[in-house]
Amino acid sequence: MTTGTTDESKAMRIAFFSGDITRSGGTENVSVMIANELVKDPDYRISFISLFEAADKPFFDIDERIDRHTVYPTVTHGIQHYFDTCKRLRAIVTSQHVDVLIDIDGILDMYSLPLRKRTGVKVISWEHFNYLQNPGVPYRKLTRRWAARKADAIVTLTEADKHLYEENVDPDCPVIAIANPMRNPEPDPVYDQESTTIISSGRLTYQKGFDLLVQAAANVLPNHPDWTWLILGEGEDRPKLEEQIKAVGISDQLILKGRVQNMDEYYRKAAMFVLSSRFEGLPMVLLEAKAYHLPIVSFDCLTGPAEIVNDSMNGYLVPDGDVDALAERVNELIDNADLRRDMSENTVLYTGKFNLANIVDMWKQLLTSLCHQSV
């Protein structure tokens with residue numbers, strides 16, 4: 001419940017709508033970060049609505065003042081029960097008197113947008129990929145066009161993606177670029193120049209390109225037997241990746257650690273972070289690596305890495321999908337401890353646009369502007 005002196009009846013009621021807020025992905029991470037900050041302000045009452053919750057508790061710590069609701073009590077694919085899903089969601093939005101519903105995955109617009117006329121709720125479509133990508137859901141193209149016509153606002157993670165929306169669908173609603181925030185760890189990390197551990201992180205899916213990472217690692221690790229490369233995360237591609245790692249003979253050095261709770265520990269002990277994604281929105285893992293002062297080697301995929309990595313300053317951007325170039329830059333950093341140290345020191349540069357307080361202020365400005373609009 002909201003604390004402070006503000007009359008609760010006047011507090012703005014904001015609900016973040018998720019597929020499953022207990023997941024460990026970057027989308028869930030940043031959504032929880034923003035929600036946890038908003039709930040500190042007595043002018044807001046915050047809740048999460050998930051289609052379902054597959055885990056007993058959220059992976060990321062959610063402020064106890066934030067209520068959680070589920071459309072279905074067990075794992076249920078909403079599209080298979082489309083009209084029932086819309087009905088159930090409308091019941092929650094109505095009973096909780098939600099003023100603004102923030103879809104943290106644009107595909108959820110298909111359930112939220114039909115509610116606008118019947119409930120008066122404002123809908124924000126929050127894009128976490130980029131306009132040109134439709135991972136796993138072909139009809140995402142349709143929901144984006146629908147949002148461009150019917151949503152009250154679209155939030156992208158980068159200016160580049162904002163321009164993609166404006167150029168491709170000429171939206172009737174405002175499109176606002178609000179970056180993911182970078183949280184500064186406490187205590188301040190001290191870079192370990194002697195570390196011989198490389199880390200990568202993310203769901204084991206096609207998007208994250210870990211099959212490409214295995215190819216790159218096969219050109220790195222055999223030449224550096226004292227180095228270890230850890231992949232943190234879980235997903236449906238694990239069996240294929242296990243077979244691929246075994247086939248190239250690097251099982252002792254390239255290790256799939258699975259889903260880990262103590263990410264802080266891994267970041268603090270790492271020498272560098274490597275991202276092999278085929279596409280992104282604005283990858284939280286790179287912001288986290290930057291916050292921990294880690295040199296970064298990343299594919300220059302669309303979109304995001306180029307807004308975080310200053311090439312040759314705090315890491316390397318390599319041509320999208322170029323496995324050999326990725327391996328070459330990782331080898332270069334392994335072989336040059338002084339270069340790793342210099343890049344680590346440069347991670348503190350150009351961080352202002354990822355400041356958490358500034359980003360939360362941008363969200364507040366958007367929420368206030370929507371609630372002042374007439375229904």
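The model is predicted, so local features need pLDDT of at least 70 and side-chain atom pairs count only at pLDDT 80 or more, while totals for chains, interfaces and linings use all residues. Residues are numbered from 1 along each chain as its sequence is written, and side-chain values use heavy atoms, with hydrogens and water left out.

**View 1. Helix α7 packs against helix α8.** Here α7 (residues 210–218) meets α8 (residues 238–247) at an angle of about 10 degrees, with the axes 10 Å apart. Helices (H or I, at least four residues) and strands (E, at least two) are DSSP runs, numbered from the N terminus. Axes are lines fitted to C-alpha atoms, for helices over the stretch in contact, and angles run from 0 to 180 degrees between N-to-C directions. That angle makes α7 roughly parallel to α8 (under 35 degrees; over 145 is roughly antiparallel, 65 to 115 roughly perpendicular, and the rest oblique). On the α7 side, Phe210, Asp211, Val214 and Gln215 make the contact (heavy atoms within 4.5 Å), and α8 brings Leu241, Gln244 and Ile245.

**View 2. Helix α12 meets helix α13.** This time α12 (residues 323–334) and α13 (residues 337–345) pack at about 100 degrees, with axes 6 Å apart. That makes α12 roughly perpendicular to α13. Glu332, Leu333 and Ile334 of α12 touch Ala337, Leu339, Arg340 and Met343 of α13.

**View 3. Six strands line up in an open sheet.** Read across, the order is β10-β9-β8-β11-β12-β13, and the pairing is parallel. Two strands pair if DSSP finds at least two bridges between them. β10 (254–258) and β13 (315–318) sit at the edges with a single partner strand each, so one side of each has no neighbour in the sheet. On average, neighbouring strands are turned by 20 degrees against each other, direction ignored. Zoom in on β9 (residues 228–232) and you'll find four bridges joining it to β10. Leu230 has Ile255 of β10 as its bridge partner.

**View 4. Asp152 sits in a loop.** Look between α5 (140–150) and β6 (153–156) to find Asp152. Asp152 is buried, with a relative accessible area of 9% (buried is under 20%, exposed over 50%, partly exposed in between, using a 1.4 Å probe and protein chains only).
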